[in-house]
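Here are a few exercises to work through with the model open in your viewer. Try each task before reading its solution.

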Amino acid sequence: RRHADASRAALSRVVARLDRPLPADPDGESALGNLLAMALRRHAAAEIGLVNAGQLLDGLPAGPVTAERLHAICPSPVNPCVMELQGAHLRQAIEESLLAERRRFSFRGFGFRGRVLGALLLDGMTVETESDGGGNGRAVAIRVGDEPLDDSRWYRVATIDMFTFRIGYPSLAEGRGIIYLLPEFLRDLLAGTLASPILDILIAEASRPRYIRTGKSLQDRSIIE
C-alpha cells in the first residue's frame, strides 16, 4: 500500500501549467512535437534534434499537466542519445519522412508503444518541400541553422535509442560515437522543458515550422494559429 500511495502521489504531481493547448500530429510537425525535438537538442547540446512524431499519442490541453498525463501521451520507455551523423544520412531520413507510407508505418517493439512511426520532427533544421498532392513530398532544400546541409559533414545530433537499432529511419543508425543518455526517458525531457521558466519563448520557437512548402517563408505561417 505504501508503494501504491507513493506511485499515485508521483503521477498526480503537476509538472507544468499551460496557457494554451499544445497539439500533436503523428503525420506531421506540431507545436508539442517540435518542443520534444527541441528538448532533445537542448539536453544533449547538439546542433540538431530528431525524433519521430509517433512517440506522442496525443497533445496537451490548456491547464495543469500532470506526470500521469505525460506518461499517457508519451508512454514509450525510449531513451535519448547523441551521436555524429553525416549530412547524407540525415538527408535520406528526411526524404523518407516525406513519404506517407513511411510515416504511417505501424510496428511494436524496441520500447516503442505508439501507433505509427510518424513524421520526423526536427530542431536546428528547416526543410523546403514540394508536395505531390497525395500525401508525399520531396525535399527541395535542407538547411542546418543558416547553412545548406552538407552531405559529407558530420553533425552532432540528439535523437533516440530506437533509431540506433535501425527501426523506422535506418540511415539514422549510421552514426559514430553514439552515447546513450540514461536513465532519462523522452517524457522526462518533455517534463523538464514544460517546467522551464522560459516556456513561452520555447513554445513560440516550437510553433515555427521546420517544413516549409515551396514558396512559403517561415513568417507565412505558424503551427499554432
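Buried means under 20% relative accessible area, exposed means over 50%, and partly exposed is in between (1.4 Å probe, protein chains only). This is a predicted model, so local features need pLDDT of at least 70 and side-chain atom pairs count only at pLDDT 80 or more, while totals for chains, interfaces and linings use all residues. Residues are numbered from 1 along each chain as its sequence is written, and side-chain values use heavy atoms, with hydrogens and water left out.

**Exercise 1.** Classify Leu189 as buried or exposed, and list what it touches.

Start with the location: Leu189 sits in helix α7, residues 186-194. (Helices are DSSP runs of H or I with at least four residues, strands are runs of E with at least two, and both are numbered from the N terminus.) Next, apply the cut-off: Leu189 is buried because its relative accessibility is 7%. Finally, look for contacts, meaning heavy atoms within 4.5 Å. Not counting residues up to four places away in sequence, Leu189 touches Ala39, Leu40, His43, Pro80 and Glu184.

**Exercise 2.** Work out how much of α2 is buried, and how its reach compares with the expected value.

Take the length first: α2 covers residues 31-44, which is 14 residues. From first C-alpha to last, α2 reaches 20 Å, close to the 20 Å expected at 1.5 Å a residue; the expected span is 1.5 Å times one less than the number of residues. Then count cover: 11 of the 14 residues in α2 are buried. Among them are Asn34, Met38, Ala39 and Leu40.

**Exercise 3.** Find the side chain that makes a polar contact with Arg210.

Locate Arg210 in the loop between α8 (199-206) and β11 (211-213). With a relative accessible area of 2%, Arg210 is buried. Now search for a polar contact (a pair of N or O atoms within 3.5 Å; within protein, one must be able to donate a hydrogen and the other to accept it, and residues adjacent in sequence count only if both atoms are side-chain atoms). The partner is Asp123, at 2.8 Å between the side chains. Beyond four places in sequence, Arg210 also touches residues including Asn34 and Met38.
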